[in-house]
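Have the 3D view open and follow along point by point.

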Amino acid sequence: PLVLGIESSCDETGVGVVRGRTLLANTVSSSMAEHVRFGGVIPEIASRAHLDALVPTLRAALDEAGVRLQDVDALAVTSGPGLAGALMVGVAAAKALAVATGKPLYAVNHLVAHVSVGLLEGTGVPGPAAGRADGGLGALLVSGGHTEILAVEDLARDVRLLGATLDDAAGEAYDKVARVLGLDYPGGPAIDAAAREGDPAAFRLPRGLSAGKYMGSAERPGPHRYDFSFSGLKTAVARVVEDFEARGEPVPVADVAASFQEAVADVITRKTVLACTEQGLDTLLLGGGVAANSRLRALTAERCAEHGIELVVPELSLCTDNGAMVAALAARVVAEGGEPSDLGFPADSSLPVTTVTV
Ligand code: ATP
Ligand code: MG
Ligand code: FE
């Protein structure tokens with residue numbers, strides 16, 4: 001099916017067009033530049049930016065795809081989770097388009113969309129074999145607001161939560177640590193760049209919830225075997241920085257960034273590979289903004305290969321928020337005969353990851 005997807009859950013206005021598993025267009029307009037001086041996304045500014053960007057982004061995506069609105073088989077939109085006001089702009093626009101064109105509209109979960117994008121032909125590394133019937137499918141979602149290990153029974157309708165962060169999301173930890181190190185917001189790309197010049201073994205930093213009492217054993221799993229915690233790591237980094245400052249010495253930013261990045265990538269990949277192995281998941285979909293992280297990508301690939309897990313990694317531009325991922329998930333739902341949404345659906349800022357479509 002030819003599907004057009006709209007994304008507006010945070011600071012990116014995205015419109016993507018896919019035909020089945022083929023990506024035809026992915027246009028993104030970001031209001032990030034307007035949020036940088038505040039050190040975080042300001043909801044009111046993001047909502048207004050979506051209003052300005054939506055129609056031009058839609059036009060650009062249709063142009064890029066070489067299709068007209070009346071050609072599409074279905075429309076799709078992120079209905080949650082995300083910033084309420086930001087979501088409402090995309091949802092209202094999608095409903096208006098559905099009414100005006102008579103096309104069916106599929107309201108989908110932003111988080112499931114993040115891990116669905118690797119299914120697009122030629123975007124995953126290696127080629128996406130995911131979703132095949134024989135082995136189990138797992139997903140690692142690492143984004144600005146979420147860090148979750150998922151068992152995907154059926155991408156179009158059935159997702160189970162195996163583990164999640166108890167406090168900060170991975171992206172949030174990156175953003176907070178970047179601030180402590182005096183690096184720019186958003187912190188993920190800044191730390192990734194700074195870490196290239198640093199020694200990942202310079203500082204030994206905590207891997208949250210990795211102690212025996214949390215992990216337990218395969219037979220007797222501990223209470224947080226597949227869960228994460230990044231608040232202790234964040235505090236440990238702050239203490240390292242304070243120690244240097246107290247001594248009047250320059251903070252070795254690259255070494256701290258590299259050591260922090262190593263701790264995050266290590267604990268995330270270790271627990272994810274463990275979950276896949278124990279739960280019989282032999283294909284892993286990676287998704288979310290932090291999936292753009294160079295060390296996380298490398299270590300996930302290395303450890304998946306060691307354990308015979310097939311890894312599907314989206315190309316960099318598809319990791320952060322975009323409309324193509326929304327269209328990709330909806331195309332899958334359409335292909336599996338899923339019902340379109342009743343146009344009365346709300347924008348739901350706290351939609352749980354287990355609700356794939358609304
Ligand atoms: P959610 O998807 O949970 O609603 P979000 O949509 O705001 O949250 P994304 O757009 O998926 O989040 O990801 C943004 C996050 O990704 C930010 O926290 C940013 O710092 C992080 N990020 C982006 N690039 C990198 C990178 N190279 N390394 C680490 N983190 C990164
Ligand atoms: Mg964003
Ligand atoms: Fe996101």
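1. A quick word on terms: helices here are DSSP runs of H or I with at least four residues, numbered from the N terminus. Keep in mind too that this is a predicted model.

2. Start with ligand 1, which has 24 residues around it. Gly144, Gly145, Gly171, Gly188 and Gly289 are the closest of them. Two or more residues of this shell come from each of α4 (110–116), α5 (170–180) and α6 (187–195). Helix α6 provides the largest share, with four residues.

3. What is the make-up of that shell in nonpolar, polar and charged residues? Around ligand 1 you'll find 15 polar residues, six nonpolar and three charged.

4. Now look at Gly188, which sits in helix α6. Is Gly188 buried or exposed? Gly188 counts as buried because 28 other C-beta atoms lie within 10 Å, and the cut-off for buried is 20 or more. Leaving out residues up to four places away in sequence, Gly188 touches Gly171, Tyr174, Gly289, Val290 and Asn293.

5. Gly145 belongs to a loop, the one between β6 (136–142) and β7 (147–154). Gly145 has 20 C-beta neighbours inside 10 Å, so Gly145 is buried as well.

6. Finally, the record. An unreviewed UniProt entry carries a "binding site" annotation that covers Leu141, Val142, Ser143, Gly144, Gly145, Asp175, Gly188, Asp192 and Asn293.

Definitions and conventions: Residues are numbered from 1 along each chain as its sequence is written. Chains are lettered from A and ligands numbered from 1 in the order in which they are written. This is a predicted model: local features need pLDDT of at least 70, side-chain atom pairs count only at pLDDT 80 or more; totals for chains, interfaces and linings use all residues. A residue is near a molecule or strand if its C-beta atom, placed from the backbone, lies within 6 Å of it. Ala, Val, Leu, Ile, Met, Phe, Trp, Tyr, Cys and Pro count as nonpolar, Asp, Glu, Lys and Arg as charged, and the others, Gly among them, as polar. UniProt positions are given in the numbering used here, feature names are shortened, and annotations may be inferred rather than shown by experiment. A residue is buried if 20 or more other C-beta atoms lie within 10 Å of its own, exposed if 12 or fewer, and partly exposed in between; C-beta atoms are placed from the backbone. Two residues are in contact if their C-beta atoms, placed from the backbone, lie within 7 Å.
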